[in-house]
Amino acid sequence: RVVNLDYPSTKSSIETLSQGIVAETIQRCKTEHPSAPIHIVTHSLGGILVRHYLQTHRLPPESRVVMLSPPNQGSEIADLLKDNFLYRWIMGPAGQQLGTGEDGVFHRLGPVDVPVGIITGDSTLEPWFSSRVPGPDDGKVSVARARLAEMTDFLVVHKSHGFIMNDPEVIAQTTHFLKHGVFRHLH
């Protein structure tokens, strides 16, 4: 069963979203199927929300998480735009927490105790943003900043941040990780 979580990302902090809508949704899944694994697939900020949730909660055994283009170590674009009215309006309080500085939420997040596969992109449709991100990036998050020390597997695809989740290869790799706990590496 699939639950597509829509949340008010522009209105609340990471802490509020994680302990509210994410916690409620996972609890609903646990209530409906108490012993079943819960697999989670996130995009961008969603990965940070799940990491925050997993600081104080556990998923059932055999659960897995796939993160698509997560700013696990912050994003230079959040640093660049944090004082911009339009960015603040679009991204809300959670967007203010995604920077790379000492106030970035990732500094307060420890490792997660669940198999995590991360897929990120190295292609951009936003060269202006990419010119401000060191190394390969997807237009919003650098390949290096998507990583987690405890990740189980990592894959870089030639896709951009806003479209990575629609790519057939990414969908197939996500499904493979949820079934097998690793990506299907072709080289």
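This is a predicted model: local features need pLDDT of at least 70, side-chain atom pairs count only at pLDDT 80 or more; totals for chains, interfaces and linings use all residues.
**Entry 1: the sheet**

Two strands count as paired when DSSP finds at least two bridges between them. I found an open sheet of four strands, ordered S1-S2-S3-S4, with parallel pairing. S1 and S4 (153–157) stand at the edges with a single partner strand each, so one side of each has no neighbour in the sheet. From one strand to the next, the twist averages 15 degrees.

**Entry 2**

I went on to the individual pairs. S1 (residues 40–43) and S2 (residues 65–68) run parallel and share four bridges. Here His43 has Leu68 of S2 as its bridge partner. I then followed the chain from S1 through helix H2 (residues 45–53) to S2, and this β-α-β crossover is right-handed.

S2 is also joined to S3 (residues 116–121), again in parallel and by four bridges. Leu68 turns up here too, with Ile119 as its bridge partner in S3.

**Entry 2: helix H2**

I turned to the helix of that crossover. H2 packs on the sheet, where it touches S1 and S2, and its direction makes about 130 degrees with that of S1. How many of its residues are buried? I have nine of nine in my notes, so H2 is mostly covered. Among them are Leu45, Gly46, Gly47, Ile48 and Tyr53. The partners of the buried residues are H1 (14–32), S1, S2 and H4 (85–95).

I checked His52 separately, as a residue of helix H2. His52 has 15% relative accessibility, and the cut-off for buried is under 20%, so His52 counts as buried. Beyond its neighbours within four places in sequence, His52 is in contact with Ile14, Glu15, Ser18, Gln19 and Leu109.

**Entry 3: the largest pocket**

Next I looked for open space. Rolling a probe the size of a water molecule over the atoms shows where empty space is left. The largest pocket has a volume of about 1,500 Å³. Of the 47 residues that line the largest pocket, I listed the closest to its centre: Asn4, Leu5, Val41, Thr42 and His43. Which elements supply at least two residues each of the lining? My list reads H1, S1, H2, H3 (76–81), H4 and H7 (168–180).

**Entry 4: Ile164**

Where is Ile164 placed? I found Ile164 in the loop between S4 and H7. At 0% relative accessibility, Ile164 counts as buried. Leaving aside its neighbours within four places in sequence, Ile164 is in contact with residues including His43, Leu68 and Ile119.

Last, I went through the backbone angles. Most residues other than glycine have a negative phi. Two residues made me stop.

Glu62 has a phi near 70 degrees, a positive value in a residue other than glycine. I placed Glu62 in the loop between H2 and S2. Is Glu62 buried or exposed? Its relative accessible area is 66%, so Glu62 is exposed.

Ser69 is not a glycine either, and its phi is positive at about 50 degrees. Ser69 belongs to the loop between S2 and H3. With a relative accessible area of 0%, Ser69 is buried.

Key:
Residues are numbered from 1 along each chain as its sequence is written. Side-chain values use heavy atoms; hydrogens and water are left out. A crossover is right-handed if, with the strands pointing away from the viewer, the path from the first strand over the helix to the second runs clockwise. Axes are lines fitted to C-alpha atoms, for helices over the stretch in contact, and angles run from 0 to 180 degrees between N-to-C directions. Contact means heavy atoms within 4.5 Å. Buried means under 20% relative accessible area, exposed over 50%, partly exposed in between (1.4 Å probe, protein chains only). On a 1 Å grid over the protein atoms alone, a cavity is a set of points where a 1.4 Å probe fits but cannot get out, and a pocket is an open set with protein on both sides within 12 Å along at least five of seven lines; lining residues have an atom within 4 Å of a point. Grid points are joined across faces, edges and corners, and a volume is the space filled by probe spheres set on the points.
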